[in-house]
Amino acid sequence: AALRSTGVTVLGRESETSAEHLENIREVLTHQPTLLLDNGADLVATSLEQGGQGVLAGTEETTTGANRLRADYQGAVPFPIIVINDSPLKLIMENEHGVGPSVIEGFMRETNLLVQSRRFVVFGYGSVGRGIARRLRLLGGHVAVVEPDPIRALEAVLDGMRVLSLNDAFGAGEVFFTATGRPGVIAGDSFDRLPDGAILANAGHFSWEIDLAELSRRAVEVESFRDRVEVYTLADGRQITLLAQGEMLNLAGGGGNPVETMDIGFSLQARSLAYLASHHADLSHGPQPVPAEINMQVAREMVDVLTRESGAS
């Protein structure tokens, strides 16, 4: 709404369907952009499907988008893409200190439940999963983590978390958060191992981390208690609660991330796009990290802003 008031053409709305979202992506590309600012790799993917003509470079904000670029489109992107999520600034400030706490806020707001003494399982111990797990533990929750990467798993152990295998995790929790950026984290036979009363929530960019079609197929009844709280009754009588239709709980169920944490990502996007406008011809094609000089500049500026606001000398 704020952008529209300045004369910017804005496509999309909060309640749009996936099909409407993709149609808006196609409409954006009819304007023949030369630089793409992407969030989940939908712009890049659709541009490639249309031949990728005229695009010189782009940026990608999210873990999910970076995963798609490096897996589904490896070697297929004919222009450089700076991955904002690779920046340590984005990982620390926005993902860990922004998304993590706001996901917990969304959980408490939508369920009206306490964190204290409840058993949680967090799938993924990247910066978002780490932020969720640490905040849950700080608030008195019992936290277990599923993380196949041994280095991240070690970090979780050193942070005081239980690290479990996927098979063991479903019997260890009451509330399950997905934060991997990858599809099918809770899927198939996983639903057979969930306890009665389990609560499912997602912090990844797309709802695909929980297999919603499979959950619906197994349900004999679905009851909506609130806009973002649905209870699925399975054939064996167990009830599974899904929050925010499996979408990002911090946005769909919470109040969004703190604006100061979002400033980091936006600053990195803007400076990276300016950098690409001048240097795209000198860069290799495909996903790559934020240039070090941009990280350093934005970090210095954010330190100045935060210390000035806090009154520190």
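The helices α5 (88–111) and α12 (residues 259–279) pack at an angle of about 150°, with their axes 8 Å apart. They are therefore roughly antiparallel to each other. Angles under 35 degrees count as roughly parallel, over 145 as roughly antiparallel, 65 to 115 as roughly perpendicular and the rest as oblique. Axes are lines fitted to C-alpha atoms, for helices over the stretch in contact, and angles run from 0 to 180 degrees between N-to-C directions. Helices (H or I, at least four residues) and strands (E, at least two) are DSSP runs, numbered from the N terminus.

This is a predicted model, in which local features need pLDDT of at least 70 and side-chain atom pairs count only at pLDDT 80 or more, while totals for chains, interfaces and linings use all residues. Residues are numbered from 1 along each chain as its sequence is written, and side-chain values use heavy atoms, with hydrogens and water left out.

**Helix packing**

The crossing of α5 and α12 is left-handed, a term for a near helix turned anticlockwise from the far one by less than a right angle, right-handed being the clockwise case. On the α5 side, Leu 89, Lys 90, Met 93, Glu 94, His 97 and Gly 98 meet Glu 260, Thr 261, Met 262, Ile 264, Gly 265 and Leu 268 of α12. Contact here means heavy atoms within 4.5 Å.

Helix α5 also packs against α6, at an angle of about 50° and with axes 7 Å apart. That angle makes α5 oblique to α6, and the crossing is right-handed.

| Helix pair | Angle | Axis distance |
|---|---|---|
| α5 and α12 | about 150° | 8 Å |
| α5 and α6 | about 50° | 7 Å |

**The eight-stranded sheet**

Eight strands form an open sheet of mixed pairing, in the order β6-β5-β4-β7-β8-β11-β10-β9. Strands β6 (162–163) and β9 (219–226) lie at the edges, each pairing on one side only. Two strands pair if DSSP finds at least two bridges between them.

Strand β5 (residues 142–146) runs parallel to β6 and is joined to β6 by two bridges; Ala 144 stands opposite Arg 162 in β6. Helix α6 (residues 127–138) packs on this sheet, touching β4 (119–123), β5 and β7 (175–178), and its direction makes about 165° with that of β4. Strands β4 and β5 pair in the parallel sense over five bridges, with Val 145 in β5 as the bridge partner of Val 122. Four of the five residues of β4 are buried, where buried means under 20% relative accessible area, exposed over 50% and partly exposed in between (1.4 Å probe, protein chains only).

**Nonpolar cores**

A nonpolar core is a set of buried Ala, Val, Leu, Ile, Met, Phe, Trp, Tyr and Cys residues joined through side-chain atoms within 4.5 Å. The largest has 26 residues, and those with the most contacts inside it are Phe 107, Ile 132, Leu 136, Phe 177 and Leu 249. At least two residues of this core come from each of α5, β4, α6, β5, β7 and β8 (199–202). Not counting residues up to four places away in sequence, Ile 132 touches Gly 100, Val 103, Ile 104, Val 122, Phe 177, Ala 179 and Ala 203. A second, separate core of 22 residues includes Ile 186, Phe 191, Ala 198 and Leu 215.

**The four-stranded sheet**

Four strands form another open sheet, ordered β1-β2-β3-β12 with parallel pairing. The edge strands β1 (35–38) and β12 (286–289) each pair on one side only, and the twist averages 25° from one strand to the next. Helix α3 (residues 42–49) packs on this sheet, touching β1 and β3, and its direction makes about 135° with that of β1.

Strand β2 (residues 57–60) pairs with β3 over three bridges, and Glu 60 stands opposite Val 83 in β3. Four bridges join β3 to β12, where Pro 287 stands opposite Ile 81.

**Positive phi angles**

Ser 117, in the loop between α5 and β4, has a positive phi of about 65° although it is not a glycine. Ser 117 is exposed, with a relative accessible area of 54%. Ala 244, in the loop between β11 (239–243) and α11 (249–252), likewise has a positive phi, near 60°, but counts as buried at 1% relative accessibility.
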